[in-house]
Amino acid sequence: MPNEIALIIADDHALVRQGIRVFLELQPDLAVLEEASSGEEAVRLAGELAPDVVLMDLIMPGIGGVEATRQVKQVSPRSQVIVLTSYHEDEYIFPALRAGALSYVLKDVGPEELADTVRKAARGESVLHPRVAARVVEELRGNRRDVPNPFTQLSDRELDVLRLIADGCSNSEIAQKLIISEKTVKGHVSNILGKLHMVDRTQAAVFAWQQGLAMRHDP
C-alpha cells in the first residue's frame, strides 16, 4: 500500500508492545516495521529503517526514552517521535520535547486516538495530552518569571555540581573536588537536568553561564 505509515514501537514491556501492534496493524494505512525493547534498540532500528513514526516509551533500560529520542532524530531526522508514557511531570515532559519529540501522549489514550496521533505525526502535526499542553502553555507564558532565582529548586550541593559542570569538569573531576563518589555525582547531574528541564549537561552549562552562576572561560 503506497501511502502506508511505517512505524516502530519502543517499549520495554512486551505485552504493551504487542497490544499496541495488534491494534495498529488492523489499520489499513499503518504498518508496524519492528518493536524495540530498549532505547538503544530503538535508535538502531530507526537508523536502519527510517520509519515515519517512532512510538517511544520514556522509562526503558539503557539510555532511556529522552536520550533515545535525541539520537533517533540524529540518525533519522525525518522520523517523528511520539512519546507514549505514563508520566506527565515536568522532569519528563520538557526534556522529551527538547530532545525532539513531536507529540506527548499518555498511556490512557484510546486506541483510535493513538492511531490518529500517529497519522498526524506523519503529517508533522503535534498532539499533546491536555495536562502536558497546559504545562507547556504555562511555561511559554512565563508563569515562573516571578521566581527571581532560576536555580531555586537546586540544593546547595547541586549548585556546586552545576558550577563545576559549567567550568568544564568531568564527573570524575567533580567527584575529586567535592570529595564524593562518581555515582553520587551522576545522581546530582540527573537531578539538575530534570529540575532545569535540560536535555544534557552542555545545555545546563550554557544556562549557568547565561544566568551568571559561573563565569565562562573562553579559550
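Predicted model: local features only at pLDDT ≥ 70, side-chain atom pairs only at ≥ 80, totals over all residues.
Side chains of opposite charge can pair when their charged atoms come close. The structure holds 15 salt bridges, and three of them are described here one by one.

The pair to begin with is Lys107 and Asp11, whose closest N and O atoms are 2.8 Å apart. Lys107 has 32% relative accessibility and counts as partly exposed. Asp11, with a relative accessible area of 3%, is buried, because the cut-off for a buried residue is under 20%.

Another salt bridge joins Arg21 to Glu35, with 3.1 Å between the closest N and O atoms. Arg21 belongs to helix H1 and Glu35 to strand S2 (residues 30-36), so the pair ties a helix to a strand across 14 residues of sequence. Arg21 is partly exposed at 22% relative accessibility. Glu35 has a relative accessible area of 18% and is buried.

Glu48 forms a salt bridge with Arg44, and their closest N and O atoms lie 3.2 Å apart. Both residues are in helix H2 (residues 39-49), four residues apart, which means that about one helical turn separates them. Arg44 is partly exposed, with a relative accessible area of 42%. Salt bridges can also share partners: Arg17, Arg21, Glu25 and Glu35 are joined in this way into one network. Arg21 and Glu35, the pair from helix H1 and strand S2, are thus among the members of that network.

The backbone angles come next. Ala50 is not a glycine, yet its phi is positive, at about 45°. Ala50 is found in the loop between H2 and strand S3 (53-56). With a relative accessible area of 31%, Ala50 is partly exposed.

His197 also has a positive phi without being a glycine, and its value is about 60°. The loop that holds His197 runs between helix H9 (182-196) and helix H10 (201-210). Is His197 buried or exposed? At 6% relative accessibility, His197 counts as buried.

Definitions and conventions. Residues numbered from 1 in each chain as written. Heavy atoms only, no water. Salt bridge = Lys/Arg side-chain N within 4 Å of Asp/Glu carboxyl O. Buried < 20%, exposed > 50% of the residue type's maximum accessible area, 1.4 Å probe, protein only. Helix = DSSP H or I, 4+ residues; strand = E, 2+ residues; numbered from the N terminus.
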